[in-house]
Amino acid sequence: MIAGGRRIGKIEIHRVLEMVMPFDRRTFFPNNSDEDWAPHRSWLEPDALDPKLDALLFPMQSYIVRTAHHTVLIDSCVGNDKDRPKRPAWHHKTDDAFLRGLRSLGIGPADIDYVFCTHLHADHIGWNTRLENGRWVPTFPNARYIFSKQELDSWRDVGHKNFARTPLEDSVLPIVAAGRADLVANDFALDDQIRLESTPGHTPDHVAIALQSAGESAVMSGDLMHSPVQCLHPEWVPWPDWDAALASRTRRAFLERYCDTPTLVCTAHFPLPSAGRVVRAGGAFRDGFRFIYDDQPWS
Ligand SMILES: [Zn+2]
């Protein structure tokens, strides 16, 4: 056990935090008015909603899952040297926060056995590759990279809303070209501890990653929700959701599935510790859910 890790049965979970970044609230949730937000400001501020910037604060992070057999990286943050002109904080970035965070766990890039990506947006695939002599090469030289085949095909072939080709070309296709990718169906299971769970809508074949060991369970929810306000309001749709109706249905079904269970839900972008349990909200929000943050120590 590495110090500070979170245990799920015999599995260890850790996080690697690359950055925390503000996103303009109105731009991110274009369909929701100031009046919609007003009742939630007091409990969202200051960690999930920065009152000065009026911006949502999203961590960019990976989860490390260690089983008796494998070291697995789940989502790979923003990465360095990537051409992301629309996002200055991501554009040709050169910091070492991610690799340093990994090393602080005693893990080097060569120790990663598998990389899973919940979906193929830029902040979940960036460290899949690094720039070496002008070429994108796998950051994790010994890893198999697990991508949904349907997700990759839809991004490759279909020009859909919010489609951005550059992240695919610098962070996914070089992995495929290097022969390091396993293109799988959305019911893929690595073993009896780690499996995919189909959660489409944010992207065409977004998946959650479900973990179970010795009677305990956790699930990495990727971007099927971005802000804890969406537990109370699963119908709130952020602009990047590819299919708004499907994403909302998936969000509600996911929250129903894990509501009032002991499963630890590990989100990508909720404020740290980003992980917790889903409970039914009750009262005025009896159709909604609340997120109870994990009170165990994390690295
Ligand atoms: Zn994301």
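Helix α9, residues 244-258, has 15 residues and spans 21 Å from its first C-alpha to its last, close to the 21 Å expected at 1.5 Å a residue (the expected span being 1.5 Å times one less than the number of residues). The model is predicted: local features need pLDDT of at least 70, side-chain atom pairs count only at pLDDT 80 or more, and totals for chains, interfaces and linings use all residues. Residues are numbered from 1 along each chain as its sequence is written.

The buried residues of α9 are A247, T250, R251, F254, L255 and Y258; a residue is buried if 20 or more other C-beta atoms, placed from the backbone, lie within 10 Å of its own. They lie on the same side of α9, because they cover an arc of only 130 degrees around the axis, the arc being that of the directions from the helix axis to the C-beta atoms. Their cover includes the strands β13 (216-222), β14 (264-267), β15 (275-282) and β16 (285-293), and the helix α8 (229-232). After α9 comes D260, with a positive phi near 60 degrees.

The protein chain as a whole has nine helices and 16 strands, which are DSSP runs numbered from the N terminus (helices: H or I, at least four residues; strands: E, at least two). Its radius of gyration is 18 Å, close to the 19 Å that the globule rule gives for 299 residues, so the chain is as compact as a globular protein of that length. That radius is taken over C-alpha atoms, and the rule is 2.2 Å times the number of residues to the power 0.38. Of the 299 residues, 43% count as buried.

How values were computed
Buried ≥ 20, exposed ≤ 12 C-beta atoms within 10 Å, placed from the backbone. Contact = placed C-beta atoms within 7 Å.
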